[in-house]
Amino acid sequence: MTREKYSLFLLHWEWYLRICCISLPMLLGFGNVNLHAQSNVIVDPLLQKPWIPDAEEEESRSYHRFLSEFKNKQSSVKKKDRFGRNYLVSPSGKIRFLIDDEYYKEFPLQAEADIAAKELEVLYEVRKEKDVVFLGKGIHLCYRLKQEKDSGFFPEWLIKSNEITNRAANEWSDQTIPLDLVSDPYGCYVDEVSLRDYLYLESESFRYRLKIPSTLRYEGLYGNRLGIYGENRDSIYRIVRFVEFLSNYLPEGQTEWEEAFLLQVSGKKKKTLPKIILSIGSSFDKVRPLRNAKNYFVFWDSLRSLNKNQMRKLQFKRSEKDNVYLSEWVEVDDIGNRIEMEMKEYYVYNAPRGYFLSLSYPKREKKKADEYWNTIRNSFVVKD
């Protein structure tokens, strides 16, 4: 009996000690030591490690990664020049011009010559040497026009622009097409009365300069419309054209329905728009003088196939006043309407070089044409 009581007493203390061994660590905050060893107990993963420092580190990484992504998105801001073409500006102010689907060839603008210099760099990277020389000469003209008014003007971009232009010109030397044909004349738009209202045009090979309204667009900007160029045993000649397309014109008494019917009958989809055309001709005699100031216009008449038979068909008449010729004739449009035309002509011959300017227009546009002609004629100068 005493032995049984003793056994019960030991069993009681054995259970008491087991309970204490389990409870005491839990009371001291180390209860997860034994519980973690039991695979059938669900444990909060945040309690398995010192999660606060790790969470702070992850938060820091995420924050800096967000800043990096945001910086990449904002590192370049897309902008447009006055022609609507795209370029990128970085936060540091660096400019990267884009040769994309919205890009097209243009003369540089004096107010944005620094952007044009960046356009020049990209054109050289994509190996467009002829466009580089065309643009580079125009940029240098913008600089010279500015320097004429501000003698201290010397921008940082000018040196690199000139270097790239010269490099491209040297690399073009092995081409069969003369570089002057694709890069001359060159020009620069200048803000005077309004934005981009005048184009200063210059020829390096024929050594002339003039100012024309920017509404007259150079055909050489579109494809390979380089005008008329020729060279023979005696001379070299070149004609370039600038065109302004006018709105459609209906003769008195004619309606749009009648015009559409006449177009359908003629088999044409649309009517050719009337236009103002500025032609600039240059010639150089390779031998002794072949002409004189009085008969120089005959040379250009022959190049334009303006002979006596053609003059008779067009009812062509020409008169001279103050060293300027005024020509009149009649054209017939696509549906048979008669259009009265005029052309102002100016000829200069100083052997071995010679020049002519002509501005043709519908007679109803005479007022606008007179304004254009005054600007063109008064600004035309030939360098010695």
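Leaving aside neighbours within four places in sequence, which residues is L210 in contact with? Contact here means heavy atoms within 4.5 Å. The partners are L199, Y200, L201, I280, L357, I376, S379 and F380.

A word on the model. It is predicted, so local features need pLDDT of at least 70 and side-chain atom pairs count only at pLDDT 80 or more, while totals for chains, interfaces and linings use all residues. Residues are numbered from 1 along each chain as its sequence is written, and side-chain values use heavy atoms, with hydrogens and water left out.

Now the core. The largest nonpolar core has 32 residues. Such a core is a set of buried Ala, Val, Leu, Ile, Met, Phe, Trp, Tyr and Cys residues joined through side-chain atoms within 4.5 Å. Buried means under 20% relative accessible area, exposed over 50%, partly exposed in between (1.4 Å probe, protein chains only). L210, F242, I280, L359 and I376 have the most contacts inside this core. Domain 1 (75-181) and domain 2 (206-383) both contribute residues, so the core lies between them. Those bounds come from an automatic or database domain assignment. A second, separate core has 21 residues, including V89, L123, V133 and I164.

Next, R238. R238 is buried yet has no salt bridge. That would take a side-chain nitrogen of Lys or Arg within 4 Å of a carboxyl oxygen of Asp or Glu. The nearest side chain of opposite charge, D184, is 5.1 Å away. The R238 side chain does reach the backbone oxygen of L226, at 3.2 Å.

A cis peptide bond joins D184 to P185, with omega about 5 degrees. Another cis bond joins A351 and P352, with omega about 10 degrees.

How values were computed
Lys, Arg positive; Asp, Glu negative; His and termini not counted. Polar contact = N/O pair within 3.5 Å; in protein donor to acceptor, adjacent residues only side chain to side chain.
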